[in-house]
Amino acid sequence: MADIFERLVKNYGPLGQHRERAHGYFAFPKLEGDIGSRMQFRGKQVVVWSLNNYLGLANHPDIRKADADASENFGLAYPMGARMMSGNSNYHEQLEKELAQFVSKEDAALLNFGYQGMVSIIDTLCSRHDVVVYDSESHACIIDGLRLHVGQRFVFKHNDLADFEKQMQRATALIAKQNAGGILVITEGVFGMAGDQGKLKEIVALKNQYDFRLLVDDAHGFGTLGETGAGAGEAQGVQDGIDLYFSTFAKSMASIGAFVAGDRTIIDYIRYNIRSQIFAKSLPMPIVIGNLKRLEMLRTMPELRQKLWDNALKLQAGLKERGFDIGKTDTMVTPVYMLGGVEEATAMAMDLRENYGIFASVVIYPVIPKGHIIYRLIPTAVHTDADIEATLHAFSETKAKLDAGEYKVEAIPDMAEAR
């Protein structure tokens, strides 16, 4: 019989194989100082484009005061226990009520974490007879939730409506054949890597032709899209057609937790059956009260969302003017696509950080195909024109070096030595 640990340490996985060289620099880096557009990385100030602090609430003085006051008044322990048993409060229910009203749904249920929440929602909703149809570029939390689903699932090509209909026809035929179950469609309001919105309007329109329920993960759209900031469904005019609206507090609200909103009957079902919440401690009071303050500011300070979009459009326009490929993004998420190997991407990212003071997340193989590089830039309301200009200058110069072959090296440098 093999030792399970021996098997694991022989293969650390596609990302773990680089741990000794990348840890502390490309993996598990430490950004220090007050959260903002400029922070400290390994003792140097850098312009940071890797934080989903869309509205700049993470270090807003009103938010810090609300968090501090709640911590002083309640501590981190209260309320104790899972909400179903002893961990409920008027504040938890108030936050659920206000969230539901904000996204135009009857009710909402709080979740401790976004990733865990989505995995558990899928597990709670779907039986072995149900069929799930989902977008191929869905977030890992959706994919992992589907791994728990014992029924059939069909994936459609990203935002491809023709393929979506093909998979819906397959799903409909299977439901008819087994004479049991229903269809759940899952997609995203904003796809966090490419920055394009999901085809919510078109998918909702197909409800007239196919019988399904729609679950939308709008982690990046909540607070950033729509006339009031209620998300991608509002922006596309189809919020009513979304049966379950899900989002996390970790993006525009710069906090912890998540929620799912929909008709009261189905939210009540989730509330009484979602095992990850029934058997987990309730969200601590400072987080709940802090999220109430964040939601208030999200609702009443549209200038934060406007500043986010001003910065995003300036950044994107500047990149396009300089000939960069930013794909099909129609949101603030700004991918920059380039060609190059792992070693070139590593050397370029190091040059950006060490010599230009630009900290941007770089995505390479095995996350994306070999020979490709993606920088994902996340504009926020606290970035400045100076941040944007410095970044455009840095990308122009390093891209010229990349094209000239200056980043071709034999191996990824060992960054762990400097830890």
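These legends walk through several close-up views of a predicted model.

**View 1. Helices α15 and α16 pass each other.**
Start with α15, which covers residues 342-355, and α16, which covers residues 385-403. Their axes come within 10 Å and cross at roughly 150 degrees. Angles over 145 degrees count as roughly antiparallel, so α15 is roughly antiparallel to α16. The crossing of α15 with α16 is right-handed. On the α15 side, look for Glu 344, Met 348, Asp 351 and Leu 352. They meet Ala 394, Phe 395, Thr 398, Lys 399, Lys 401 and Leu 402 of α16. Sort the residues in this contact by class and you get five nonpolar, one polar and four charged.

**View 2. Helices α5 and α13 pass each other.**
Here we have α5 (90-102) and α13, made of residues 285-300. The two axes come within 9 Å and cross at roughly 25 degrees. Angles under 35 degrees count as roughly parallel, so α5 is roughly parallel to α13. As for handedness, α5 and α13 make a left-handed crossing. From α5, the contact takes in Tyr 91, His 92, Gln 94, Leu 95, Glu 98, Leu 99 and Phe 102. From α13 come Met 285, Val 288, Ile 289, Asn 291, Leu 292, Leu 295, Leu 298 and Arg 299. By class, the contact of α5 with α13 has 10 nonpolar residues, along with three polar and two charged ones.

The peptide bond joining Tyr 78 to Pro 79 is cis, with omega at about -5 degrees. Is Tyr 78 buried, exposed or partly exposed? Its relative accessibility is 42%, so Tyr 78 counts as partly exposed. Leaving out residues up to four places away in sequence, Tyr 78 touches Pro 284 and Met 285. Now look for Gln 178: it sits 100 residues from Tyr 78 in sequence, and their C-alpha atoms are 48 Å apart.

**View 3. Asp 67 makes a polar contact with Arg 294.**
Asp 67 lies in helix α4. With 23% relative accessibility, Asp 67 counts as partly exposed. The side chains of Asp 67 and Arg 294 make a polar contact at 3.0 Å. If you set aside neighbours within four places in sequence, Asp 67 is in contact with Pro 286, Gly 290 and Arg 294. Find Val 288 as well: its C-alpha atom is 9.3 Å from that of Asp 67, although the two residues are 221 apart along the chain.

Let's take Thr 124 to begin with. Its relative accessibility is 9%, so Thr 124 counts as buried. What does the side chain of Thr 124 reach? It reaches the backbone oxygen of Ser 120, at 2.7 Å. Not counting residues up to four places away in sequence, Thr 124 touches Tyr 269, Ile 270, Asn 273 and Ile 274.
On to Val 119, which has a relative accessible area of 13% and is therefore buried. Beyond its neighbours within four places in sequence, Val 119 is in contact with Cys 141, Asp 144, Gly 145 and Leu 148. The C-alpha atoms of Val 119 and Leu 146 are 7.6 Å apart, and 27 residues separate the pair along the chain.

Asn 159 isn't a glycine, yet its phi is positive, at about 55 degrees. You'll find Asn 159 in the loop between β6 (153-156) and α8 (161-178). Is Asn 159 buried or exposed? At 16% relative accessibility, Asn 159 counts as buried. Ala 254 isn't a glycine either, and its phi is positive at about 50 degrees. Look for Ala 254 in the loop between β9 (244-248) and β10 (258-262).

Note on methods. Residues numbered from 1 in each chain as written. Predicted model: local features only at pLDDT ≥ 70, side-chain atom pairs only at ≥ 80, totals over all residues. Heavy atoms only, no water. Axes fitted to C-alpha atoms, helices over the stretch in contact; angles between N-to-C directions. Helix = DSSP H or I, 4+ residues; strand = E, 2+ residues; numbered from the N terminus. Parallel < 35°, antiparallel > 145°, perpendicular 65-115°, else oblique. Left-handed = near helix turned anticlockwise from the far one by under 90°. Contact = heavy atoms within 4.5 Å. Nonpolar A, V, L, I, M, F, W, Y, C, P; charged D, E, K, R; others polar. Buried < 20%, exposed > 50% of the residue type's maximum accessible area, 1.4 Å probe, protein only. Polar contact = N/O pair within 3.5 Å; in protein donor to acceptor, adjacent residues only side chain to side chain.
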